[in-house]
Amino acid sequence: MKRLLNDGYDAVEELLDGYVKAHGDVVKLADNERVVVRTELSAEPKVGIIFGGGSGHEPLFLGYVGPGLADAAVIGNVNTSPDPMACYDAVTAVDQGKGCLYLYGNYQGDVLNFDMGAEMAAEDGVRVETVLVTDDVYSAKDKADRRGVAGDVIVLMAACAVANTGADLDAVKAAAEKANDNTYSMGVALSSSTLPVTGKPIFDIGADEMEVGMGIHGEPGIERKKIASADSVMDEILGIVLPDMDLKAGEEVAVLINGLGGLPLMDQYICYRRVHDVLSSKGVSIAKSMVGNYATSMDMIGMGVTLVRLDDELKGWLNASFDTPYLKQ
């Protein structure tokens, strides 16, 4: 393992300590030190947006807490769901009387623990709703059963844009659901990530191999094969994603190319180039582009393609103003 750590068992706490020291003008730790919150909540009461999941995916989730985006992020151990008390404590830290919305990827541990947090909040009279992000095309046939990957960021942007208008919890939840329903992702891994505690890879993969469809925690993909050219890999991904979302000529999309931590930006832009050209050849226009490391798997070499079907409403939400350490517009 080639990483700069101290004790692997302290990695998450030291990450959080360093993060709030670096961005203290925007975020701080709540009384529960696994909860990152805005230094100042919005002046006008609004629905609280709580984002969260395991660590190891930085800048997801803590990097998107700040003005215009999430009010809090709940952080678990590496690739592990946050505990229920942290989920509950996030509600107590950011609720302004209009209720809160939990946003996170569809993973069993997250569902169980966030649900317990919502139940505890309900006992205090605080309404908490949940939207699960389910954008990973390969992970299940039915969209409701899919796991969440980089689409987490898209759903967050939409929900927060509506929350910032002062809308009620039902409207904010509906916006998040609309964004999720129109977001589709798929990725490829060329290496494993390494776990801080063990110093070993999560899985073994040959130096000349890649796995198409792998999840950001190392979940198995469609197939393992020899590493191919960027264009052929993008063609393979789009050959699965486009039919799944039934994208038609004349439609408009947002494109997010997400690096998994170890893939150079050079390679990511080469991948974007192919995605752009394929979509253009099919008569699909791109209204918004995002390229970079948005939802990583520590040092994993790999990337994902996220496509979002747009209408005027969703396009407006994704172009709203945000000002967080890792997402500004």
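**Close-up 1. D311 and its salt bridge with K178.** D311 is partly exposed in this predicted model, with a relative accessible area of 34%. The side chains of D311 and K178 meet in a salt bridge, 2.7 Å from N to O. K178 belongs to helix 5 (residues 169-181) and D311 to the loop between strand 12 (302-309) and helix 8 (312-318), so the pair ties together parts that are 133 residues apart in sequence. K178 counts as partly exposed, at 22% relative accessibility.

Close-up 2. The structure holds 22 salt bridges. In the one between R38 and D71, the closest N and O atoms are 3.4 Å apart. R38 sits in strand 2 (residues 35-38) and D71 in the loop between strand 3 (48-55) and strand 4 (72-78), with 33 residues separating the pair. R38 is buried at a relative accessible area of 9%, and D71 is buried at 1%. D71 also forms a salt bridge with K46, where the closest N and O atoms are 2.6 Å apart. K46 lies in the loop between strand 2 and strand 3, so its pairing with D71 ties together parts 25 residues apart in sequence. Both D71 and K46 are buried.

**Close-up 3. A patch of negative charge on the surface.** D115, E119, E123 and D124 gather in this patch. E123 is part of helix 3 (residues 108-123). The relative accessible area of E123 is 69%, so this residue is exposed.

**Close-up 4. The surroundings of S193.** S193 is found in the loop between strand 7 (183-189) and strand 8 (209-212). S193 is buried, with a relative accessible area of 0%. Among the residues that S193 touches are K200, P201, I202 and D299.

Definitions and conventions
Residues are numbered from 1 along each chain as its sequence is written. This is a predicted model: local features need pLDDT of at least 70, side-chain atom pairs count only at pLDDT 80 or more; totals for chains, interfaces and linings use all residues. Side-chain values use heavy atoms; hydrogens and water are left out. Patches are made of residues with over 30% relative accessible area and no salt bridge: like charges are joined within 9 Å, nonpolar side chains (Val, Leu, Ile, Met, Phe, Trp, Tyr) within 5 Å. Accessible areas come from the Shrake-Rupley method with a 1.4 Å probe; for residues, only the protein chains shown count as cover. A salt bridge is a side-chain nitrogen of Lys or Arg within 4 Å of a carboxyl oxygen of Asp or Glu. Lys and Arg count as positive and Asp and Glu as negative; His and the chain ends are not counted. The place of a charge is taken as NZ of Lys, CZ of Arg, CG of Asp or CD of Glu. Helices (H or I, at least four residues) and strands (E, at least two) are DSSP runs, numbered from the N terminus. Buried means under 20% relative accessible area, exposed over 50%, partly exposed in between (1.4 Å probe, protein chains only). Contact means heavy atoms within 4.5 Å. Lists of a residue's contacts leave out its neighbours within four places in sequence.
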